[in-house]
Amino acid sequence: MRRLLPVVAVMALMAIFGFGIYSVLGTLKSSRHHTTKPTQSQALIDLPGTVVVVQDGKIYRLNSLKFTPVKAPAYDWVQVEPAPGGDILAVAYSSAYTNVYLLNAKGQVVRELLSESSSQYLNNHWAYYPKVSPDGKTLFYAADWLDPSQGYNVDFQIQAVPFANPSAYPVVWSQAGLWFQGGDVEPIPLANGGIIYAKYNIDTLGNTYAQLVYVSSPYATPDSLTTAAQDCAEPALSPSGTEIAMVCTKNSLQSTTLQVASWNGTTLGTPVVISAGPEPASPTWSPDGKSVLYLNTLLTDKSSPFQLWWVPKATALKPGAPQQVTADLNFTATSPPVWTA
Amino acid sequence: MLVAALLVFGFGLSGVSGVVAYFLPAISAALNITGHQTQGNSPNGNHPTPTPSTTPNQPFNVLLLGSDNDTKFAPDQVLAQTMIVVRVNPQAHSVVMFSIPRDLWVPIGNGGPAKIDTAYADGGAAEAISTVENNFGIPINYWVWIGLGGLVHLVNDLHDVNIVAQMPILDDEYPSDLTGGNPYAYARIAILPGPQRLGGVAALEYARSRHGDILSDIARSQKQQQLLLDIKASAKDVGLADVPTIAGSLGDSLKTDMSITQVTSLLTLAKAFSDGSVQQIVMVGSQYFSNGTIDGQSVLLPNWTGINALVAQYFPS
């Protein structure tokens with residue numbers, strides 16, 4: 001019996017060793033792209049003011065290097081935009097539609113602005129990119145429009161409703177839906193009453209492209225601000241209203257650049273690339289207008305999740321070097337960060 | 001001495017057992033996925049089999065087949081809605097991806113004319129290969145077939161993929177055959193434009209939706225090629241220890257006639273290619289085909305002058 005005991009012990013050790021090998025192999029799975037919740041992470045740069053971002057359907061506030069959750073209702077939040085008085089416009093996704101809410105700084109619903117149940121006027125189901133006009137009177141957004149003459153043809157168009165009465169009949173600002181090209185998105189209301197937005201189109205060779213366009217009033221003929229070859233979208237207007245940041249594609253749609261151009265109210269100046277890749281997205285200006293915050297992958301790994309990046313002194317004349325703000329998060333790249341003082 | 005030898009042997013055996021236990025699912029799945037014989041199920045028979053590339057570093061062609069293998073179809077009779085010929089030139093480190101529209105009206109195998117996507121349903125990989133070889137004059141060395149669920153699992157196992165969506169994708173009649181109980185049901189989907197990270201289901205929606213684009217299947221081919229490159233980018237860091245998970249989840253959704261060794265070589269080769277070395281070819285316009293209606297079906301009637309010129313340019317013999 002005494003001699004058997006060491007043998008059993010050694011055999012048990014062997015079994016443990018074999019199981020250990022099995023377990024160790026499991027740990028060798030690629031740990032690439034390990035991400036965490038923002039509340040378990042910390043920013044690498046202390047940005048002034050407050051930044052609001054979206055990750056995995058939840059809204060977070062970044063302040064003094066730390067992320068805290070915005071305690072909004074448990075919807076699947078997919079976009080945030082700034083609203084007057086420090087409130088937040090937030091888009092909640094459902095399986096077949098979106099609703100747009102006005103949240104206060106604590107995340108409480110101030111009111112529901114757009115909902116599928118109130119889409120009886122234009123039969124739209126999706127509303128994205130909500131923006132309040134500088135005078136605070138009008139809510140612009142991109143909504144789907146189904147062409148009644150061609151059943152499959154559904155494209156985004158820009159609509160607007162009174163911010164105080166969003167259930168009013170919408171004013172249609174852009175004539176999309178003619179060519180199945182995706183339509184018009186990302187409206188930027190201007191102080192002069194016009195808007196800039198991104199118009200998607202398709203050329204005779206089947207190439208899809210986006211252009212920034214300007215319209216002074218609903219249904220006015222849009223003026224192109226960028227060319228088809230530039231393929232630019234996701235415009236962000238600086239607080240001074242004199243510069244526009246935008247995202248332009250390159251390399252057969254596999255990557256993008258972030259560019260800044262001066263804006264004089266009618267035309268764009270020559271753009272300057274402030275982030276050359278791999279996939280900068282969703283820029284937003286700092287409250288002082290001296291830098292741009294945006295989302296991008298790691299510079300050396302275009303397949304990595306999207307992190308916050310920052311370009312200080314991001315003027316067209318003096319672009320700085322991009323600086324990484326977060327390292328291990330997974331932000332929703334189609335939601336521009338909201339940055340308030 | 002004997003005790004020491006027994007101990008070494010025992011621990012060695014235990015370690016090997018641990019390794020075998022870990023990789024057993026991968027080995028089983030890999031055997032299930034690879035080395036498929038190129039058989040057809042058509043009564044016509046007489047299908048050629050692909051000619052494996054035997055000379056190292058010589059260019060070779062792989063026919064990628066993608067199917068809606070939901071419950072609308074019998075498992076062995078699914079259409080190949082996606083047909084992409086990939087030419088790999090190991091020496092030049094270049095790749096050509098050439099999409100064949102599914103509605104192209106061509107002679108199928110040894111039978112009469114039909115949409116090219118029916119070739120795989122009629123006669124499996126063999127008939128799909130013979131149809132491509134006979135009509136386009138492109139020799140096929142290997143084939144790979146993937147089903148809808150396979151693509152979803154692959155992207156999920158890679159922990160999602162980054163894409164730059166080329167336009168907003170709105171589709172009110174996207175097939176909800178994977179998620180719902182009814183394979184004929186529709187769902188409404190919306191994918192925003194621009195850079196973003198997509199999981200398996202959303203990546204499939206991006207590559208599969210066609211209703212919201214004037215170019216329909218042609219645009220879908222462009223997006224499928226784009227997604228392939230994005231998957232390649234995400235797969236570059238996949239290690240040996242990841243293989244059991246990925247191989248296990250692919251199950252019956254992936255098949256190829258390549259051997260495990262050939263797949264491994266191809267994956268190693270793929271890591272060496274940059275996006276800039278990949279040429280994406282999608283036929284658009286009347287120089288390649290015209291729209292027509294045959295037997296009540298919307299079809300694409302080939303313009304072989306234009307197509308042959310394109311093939312000669314990118315697939316030199």
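What follows is a chat about the two chains and the terms used for them.

Modeller: First the ground rules: this is a predicted model, where local features need pLDDT of at least 70, side-chain atom pairs count only at pLDDT 80 or more, and totals for chains, interfaces and linings use all residues. Residues are numbered from 1 along each chain as its sequence is written, chains are lettered from A and ligands numbered from 1 in the order in which they are written, and side-chain values use heavy atoms, with hydrogens and water left out.

Biologist: What makes up the secondary structure of chain A?

Modeller: Chain A has 1 helix and 24 strands. Those are DSSP runs numbered from the N terminus: helices are H or I with at least four residues, strands are E with at least two. Chain B comes out with 8 helices and 14 strands.

Biologist: Why is A:Thr98 called buried?

Modeller: Buried means under 20% relative accessible area, exposed means over 50%, and partly exposed is in between, using a 1.4 Å probe and protein chains only. A:Thr98 has 2%, so it counts as buried. You'll find A:Thr98 in strand S6 (residues 98-103) of chain A.

Biologist: And why is A:Asn124 called buried?

Modeller: A:Asn124 has 11% relative accessibility, so buried is the word there too. A:Asn124 lies in the loop between strand S7 (109-114) and S8 of chain A. Its C-alpha atom is 9.4 Å from that of A:Phe156, which is 32 residues away along the chain.

Biologist: What is A:Thr98 in contact with, beyond its neighbours within four places in sequence?

Modeller: Contact means heavy atoms within 4.5 Å. By that rule the partners of A:Thr98 include A:Val91, A:Tyr93, A:Glu116, A:His125 and A:Trp126. A:Ala127 is also among them, and the side chain of A:Thr98 reaches the backbone nitrogen of A:Ala127 at 2.7 Å.

Biologist: What makes S20 and S23 of chain A edge strands?

Modeller: The sheet is open, with 4 strands in the order S20-S21-S22-S23 and antiparallel pairing. Strand S20 (281-285) and strand S23 (323-324) each pair on one side only, hence the name. S23(A) and strand S22 (residues 307-312) of chain A have 2 bridges, which meets the "at least two" rule. A:Trp309 and A:Gln324 are bridge partners there.

Biologist: How many residues does each chain bring to the contact between A and B?

Modeller: Chain A brings 62 residues and chain B brings 50. The buried area is about 4,700 Å², 61% of it from carbon and sulfur atoms; that is the accessible area (1.4 Å probe) that two parts lose on being put together, summed over both.

Biologist: How many salt bridges are there between the chains?

Modeller: The count is 0, where a salt bridge is a side-chain nitrogen of Lys or Arg within 4 Å of a carboxyl oxygen of Asp or Glu. There are 5 residue pairs in polar contact, both at pLDDT 80 or more.

Biologist: And what makes helix H4 of chain B "mostly covered"?

Modeller: In H4(B) (residues 200-208), 7 of its 9 residues are buried, including B:Leu204 and B:Tyr206.

How values were computed
A polar contact is a pair of N or O atoms within 3.5 Å; within protein, one must be able to donate a hydrogen and the other to accept it, and residues adjacent in sequence count only if both atoms are side-chain atoms.
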